[in-house]
Amino acid sequence: MRAVWVREHGAPETARIEDVPTPAIGGEQVLVDIKAIGVNYPDLLVIGGTYQILPPRPFSPGKDAAGIVRAVGSRARHCKPGDRVAVHLEYGAYAEQVAAKDAVCHVLPDAMSFEEAAAMGLVYQTAHFGLVERGLYQRGETVLVNGAAGGIGLAAVQIAKGLGATVFAGVNNEEHARLVRANGADQVIDLARPNLRESLRAQVHALTGGRGVDIVLDPLGGAVFEASLRALAWRGRMVVIGFAAGGIPELKVNYLLLKNISVSGLQWSDYRERTPDWVRRVQVELFELYTKGAIRPRVMRSFPLEGFAEALALVKSGSVQGKVVLTTAR
């Protein structure tokens, strides 16, 4: 089979497509013929050697894939040969075939395409866990999603709206504003205004009668995190998802005490490894929301497997609206 193969950490262009052996499967594993692959920001960090979890080299990167089950181990119980599945991985998705634990494979709804399934994996799971498990969301609350036009952000906008929230979407330009409105955002917060520390809170307070928002989901970090913290309502909850804006902020914890607010972090891979049944329950709920039309993964662009470096460059540029995917069709 063909796979994107990383022999040394570096820029995406240093990786190469190579012919490698088809992986063998154990009793609790399945072999999946991959049709589509999700491209995520952490893939850049894994290839570059700066991610918190690094596989032994050589390896194939990639955390999301979708395809058709070719074979199953003797103890596999969640899928069978011929099933169309989404696969959640720590790495290895940039390949024509993957061997994965049966527990991380999820049978797709009939109407869902492979491209949608690959675009739905990491970002929708992360958004749901951030909102519901770490953010302790209650129906009808107000939720501010930063970086709302990106993969996690757009997923969070759709999920929060589908679960009955009033959704504020933080974006940087009018093109992104149109996108998030089309995906369910009730209000748009302009993150490009001068003096963000004051302007973000002023926008939120103007829309909430001075109350603030109940939950902030923040994949950006830096100055956006600091400004958003000031926009929380009493007993509000901030969920740290990442630092795509580049800066890791520091927190003066006395501010948490003064406003009775909380800040928590989310590293979704831990849930996949520690509580696969919990992840499966969330995936069922996500598929139900998809079937109802409440969420719809947005695939901005598809690339052939050979175009992986170009796809990653697009992700690195910050210009992706929704998701980009790779496909394995020759």
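Select Tyr91. Tyr91 is partly exposed, with a relative accessible area of 37% (buried is under 20%, exposed over 50%, partly exposed in between; 1.4 Å probe, protein chains only). Now select Phe59. Phe59 is buried, at 2% relative accessibility.

This is a predicted model, in which local features need pLDDT of at least 70 and side-chain atom pairs pLDDT 80 or more, while totals for chains, interfaces and linings use all residues. Residues are numbered from 1 along each chain as its sequence is written, and side-chain values use heavy atoms, without hydrogens or water.

**Ring pairs**

How many aromatic pairs does the structure hold? There are 4 (ring centres within 6.5 Å, using the six-membered ring of Trp; planes under 30 degrees apart are stacked, over 60 edge-to-face, the rest tilted). Show Phe59 and Tyr91 together. Their ring centres are 6.3 Å apart and their planes stand at 80°, so the pair is edge-to-face. Phe59 lies in the loop between α1 (41-48) and β4 (64-72). Tyr91 lies in the loop between β5 (84-88) and β6 (97-101). The two residues are 32 apart, and their pair links distant parts of the chain. (Helices, H or I of at least four residues, and strands, E of at least two, are DSSP runs numbered from the N terminus.)

Move on to Phe129 and Tyr271. This aromatic pair is tilted, with 4.5 Å from centre to centre and 45° between the planes. Phe129 is in helix α2 (residues 114-134) and Tyr271 in helix α8 (residues 268-274), so the pair ties together parts 142 residues apart in sequence. Check the accessibility of each partner. Phe129 is buried at 1%. Tyr271 is buried at 15%. Phe129, Tyr271 and Trp278 form one aromatic cluster.

**Charges over rings**

Select Arg84 and Phe114. Arg84 lies over the face of Phe114, 4.8 Å from the ring centre (NZ of Lys or CZ of Arg within 6 Å of the centre and within 35 degrees of the ring normal). Next, select Trp234 and Arg235. The charged end of Arg235 sits over the ring of Trp234, at 5.7 Å from its centre.
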